[in-house]
Amino acid sequence: MAKGGTRLGSTSPKKLNERLLSGADALINWARKYSLWPMFFGLSCCFVEKATALTARYDLARFGAEVLRPSPRQADLLVVSGTVFKKIAPVVLRLYEQMAEPKWVISMGSCANCGGMYDVYSVVQGIDQILPVDVYIPGCPPRPEAVLQGIVELQKKIESESPTRPIFHLKGGTQGSVQPLRVDGRTKSRDPRGPGMQGTAIRGTSVTPPDFWGSRSDLMWTPPPQQIELNSSDQNLSRELSSRFGDAVKSRDFTSDMLTLEVADERLADVLRYLKHEATPKYQRLDDLTAIDESARRHPENYPDFTMVYHLLSYDAASRIRLTVPLNGKSPGITSITGIWPSANWYEREVFDLMGIHFDGHPNLRRIIMPPDWEGHPLRKSFPGRATEMAPYTRNDAEKLQPLDGGVYAKTDDGEHPLILNIGPHHVSTHGLLRYIASLKGEKIIGLELEIGYHHRAVEKIGERQTWHQFIPYLARVDYLAGAANDLPYLLAVETLADIKVPERAQVIRVMLSEFFRLSNHLVWLATYAHDVGAMTPNFYTFREREMILDIVELITGGRLHPSWFRIGGVAADLPEGWKAAVDQFVKLFPGRLQEYENLIRKNPIFKARTRGVGRISLQDAMDWGVTGPNLRSCGLNWDLRKKMPYSGYENFEFEVPTATEGDCYARYLVRIEEMRQSIGIIEQAANNMPSGRHVTNDYRYVIPRREDMLKDIESLIHHYINVTRGPKIPRGEAYAACEIPRGEQGYYVVSDGLGYAYRVRIRGPGFANVQVMPLLAVGESIADLIAIIGSVDYILPDIDR
Amino acid sequence: MASGALSPWEPGVFSLAVYVVLVLIFVASQLIIAVWLGEKKKTEEKLRPYESGIIPSGDARLHYPVPFYLVAIFFLIFDVEGAFIFAWAIAHGKLGWAGWLQISFFIVLLLLGLFYVWRKGGLDWGPLAQKS
């Protein structure tokens, strides 16, 4: 600069510099904010709403961020949509690290923001403990509109950045997500009630295990649980068993739902083998296998340390039977039944993992749900339920606690070295957080191992601390595409146990909504399945009808994915004005739309070539492995709980149970499509013949009374107060109920110890059994077929890992 | 050819040279700008191969199964033969009927080979071949 012009020389170029830089900032920011590349990344329910934001009604494309990239290398926006599990957190961190620079993070939904309603041992209480976050979207789940707003907020944030300096290697400037991580106790509070409440116990802890010092349910009286008369076939079986096995089998005199036998552990295998192969009727299927930790009972002297519970099902007689086995000791053992039912493999591993019970003779007894380095058995009563009772999960943990190497799963002893390929947990085609470890010889799959547990939301543990009513919101989240259909088996189990009569109108409303959710689920399945085998188009259209269904659901319940609208004894409110017109319109329109999809897909030669004869499973295998739902019916068995063991008034509806015989990917397609036709018929019948009457029972002992009653008479007010605050005292006992939800048979086994919340809630998810057979379907096929098989099986992770 | 034809002072060659230099400068500048401006954070995770969020196991350099090799060989054979046919096609007028006969013989021979491979199942791919 010129000598004399110090004033001019020192300020003017600087100003010019600043102007140039800020001009460049504006240009770069403008380009960046309208060309975001979000990663195809979802953890749970929230992802469904995120994906819905891409579809026609919401059209995220308007904001310049419509194309989801399957690989982190091509993405610069991570939308953490859903629950961040401790088991998946290391994977999330790695994906973030592998993304292109500069990158941004949106935390979508209450779970990602702070753990949300899942303050439970397996969940990280906020993604901001391991990643910097730019924008938080509240909601559970946030609506698609909220996703749009989140993107707009992020665009505003990008506008405020000054990226030019870092780009030109100058000092200063900012770009991408740079906020520091949040540290519990310093920059954030994990307490679900907010900061400053440390001195007060969380509401409800005084009445939940292991201490009950505050429970007032003990002071209340309730009638005994429902008792049923056993039918003659059950009585014969009971007699036959006691004559054959003597004292080793004792039939329980008092039961609320089915024949219940107490079996001594040393004869268990013999009894089961007899029941499966020789008894009349034969109990061909192991419906469920679980255990109860009895250490926190109100009267521990009446109980062993643990109880193993086996539920069996007979296809011939359409009946169930329950076997309980008392076990004593701190970490007891029992004989494995994998030799009788191969499907027991995963169930026993789960009991081993979560309860710490050993199984002698199990081929592969190691953890299945929790991470390999986990300490303790979470479903034991002594294990802390809440994440906030444990040390916060930090970035350090996420770097250290890695999933096991694929080689651990795919061991070969014959000296061959196959290519080991990890498909998932983060993969477009795994439909959720599931890890396949495929051993490949060329393109052929020669071995397939699965690792689950990435989506373990510990619902069963939560069921032990939420009151019977409070637990309802967790139900729809067990299978987030089946919404209200999830509520039904739980409510049926509770209603069976406490002998609650549901009015006819409420039953029909429940059926109608369950069928709507069957349609909604199958529409998503159709779109994603077609997409998996290469047909993009259905994706754009099926979400159109799905939105129509969700509109109706919203009109009736006020919610979308998770209405939480069924109640013990009925439903939350009566049908609103205008429901009939909305349903009628949809019923008229839907069959035509379904035909359009059929025209696109059914005879499509590519679709047929990809699915026919692929992923075949025999009927015998399907029955042995406990496969249920459309996957079972596509093997040729006409078995649908709605027909065979009707509940909630399904016996009053006319519908067919579609079946196919091939058991391959194409058969599964045919069955589901036909199911949609039948569902729309059921909805039509329900809407046309909707009975009048109450929407909730008038016996208010266990239920939440109608609002108008609660406001008018003191009896109802008291019931309302008791049942909302401390929870209804459900009589001591147990009950199992199962429903045909879209994916198969979902069963709830509830055990009450006469308190305001369940002593044990056990969920039999259809996915757990349906996915366990995956190696049977896929080994021997080519790697490309695995994707078609996954799409055709239609599973969902929260119901596998629960 | 005149002695000065390749002289750098001849206008034609000169413009070509300038063009080449400009192209080189342009390409180099693009590369240098990209290298300089590009965001690079070489962390361990960033440099790791992406495999669904899991640390990959083992080596990607394995013994390849034979079918891949067969396909590669078939491709070579039938693709390289194309070169002969193209060469004939360009000169087919000069070669006349004799050339036509010879290339026809050649093509028929090739087709026979193709049918043989087809029949033997050499074109079937992967597990599908073993199933049927």
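**A tour of chains A and B**

Next, select α1 (11-37), α2 (44-47) and α5 (127-131) of chain B, each supplying at least two residues of the side that touches chain A. Helices here are DSSP runs (H or I, at least four residues), numbered from the N terminus.

This is a predicted model, where local features need pLDDT of at least 70, side-chain atom pairs count only at pLDDT 80 or more, and totals for chains, interfaces and linings use all residues. Residues are numbered from 1 along each chain as its sequence is written, chains are lettered from A in the order in which they are written, and side-chain values use heavy atoms, leaving out hydrogens and water.

Now pick A:Glu101 and B:Lys46, whose side chains meet in a salt bridge (3.5 Å, N to O). The term means a side-chain nitrogen of Lys or Arg within 4 Å of a carboxyl oxygen of Asp or Glu. How many salt bridges does the rule find across the interface of chain B and chain A? There are two.

Zoom out to show 25 residues of chain B in contact (heavy atoms within 4.5 Å) with 44 residues of chain A.

Finally, select A:Tyr310 in chain A. Leaving aside neighbours within four places in sequence, A:Tyr310 has contacts including A:Leu268, A:Asp288 and A:Ile337.
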